[in-house]
Amino acid sequence: MPLLGEYLYDIDADYYARVNFTSFVKLVDALGGVTVDVPKDFCEQNSKRSFDSRDLICLKKGTRTLKGEQALAYARNRHAFQDGDRARGEHQMELVKAAIEATIAFGLVSVKPTRATFPDVVTGVSTVLISTPSTLYPF
């Protein structure tokens, strides 16, 4: 049975990782944040799902380096965007690409993505083979 992302985005997913919200926030924080292009201003619940105005995560349009909670808000939000779920999926793929780039910049892997191995995160994520396995952090 194909994964939902394979169906929605017409891509093949040979490998995937399943990460819960807590681990995602910790991973992004451990990398020192991830850089993405936020397409518009919006606010989203924090990881505890609080709508209290003191707990909302608000992001401004533009190129931003997001910490864990901010990256999670970017990955989860769909209501602020006209394309809804599709925009959310594209943001999630953008975050995966940013996390891979941050991992490489951090020196945790020795492979640099090229157009052949990582053509375009919006249309699909190709397999990046790493010659030396690396362990990030045990969450």
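Me: In this predicted model, what makes the packing of helix α2 and helix α3 oblique?
Reply: Helix α2 (residues 21-30) and helix α3 (residues 68-76) pack at an angle of about 125 degrees, and their axes are 8 Å apart.

Me: Which hand does the crossing of α2 and α3 have, and which residues make the contact?
Reply: The crossing is right-handed. From α2 come F21, F24, V25, V28 and D29, and from α3 come G68, E69, A71, L72 and R76. These residues divide into 6 nonpolar, 1 polar and 3 charged.

Me: Why is Q70 called partly exposed?
Reply: Q70, which belongs to helix α3, has a relative accessible area of 26%. Buried would need under 20% and exposed over 50%, so Q70 counts as partly exposed. Beyond its neighbours within four places in sequence, Q70 touches I57, L59 and T65. Its C-alpha atom is 9.8 Å from that of L56, 14 residues away along the chain.

Me: Which residues of α2 are buried, and what covers them?
Reply: S23, F24, V25, L27 and V28 are buried. The cover includes β1 (34-38), β4 (62-66), α3 and α4 (85-105).

Me: How do you know that N20 caps the N-terminal end of α2?
Reply: A side-chain oxygen of N20 lies 3.3 Å from the backbone nitrogen of T22. The cut-off for a polar contact is 3.5 Å, and the pair falls within that limit.

Me: What follows α2?
Reply: G32 follows α2, with a positive phi near 80 degrees.

Note on methods. Residues numbered from 1 in each chain as written. Predicted model: local features only at pLDDT ≥ 70, side-chain atom pairs only at ≥ 80, totals over all residues. Heavy atoms only, no water. Axes fitted to C-alpha atoms, helices over the stretch in contact; angles between N-to-C directions. Helix = DSSP H or I, 4+ residues; strand = E, 2+ residues; numbered from the N terminus. Left-handed = near helix turned anticlockwise from the far one by under 90°. Contact = heavy atoms within 4.5 Å. Nonpolar A, V, L, I, M, F, W, Y, C, P; charged D, E, K, R; others polar. Buried < 20%, exposed > 50% of the residue type's maximum accessible area, 1.4 Å probe, protein only. Polar contact = N/O pair within 3.5 Å; in protein donor to acceptor, adjacent residues only side chain to side chain.
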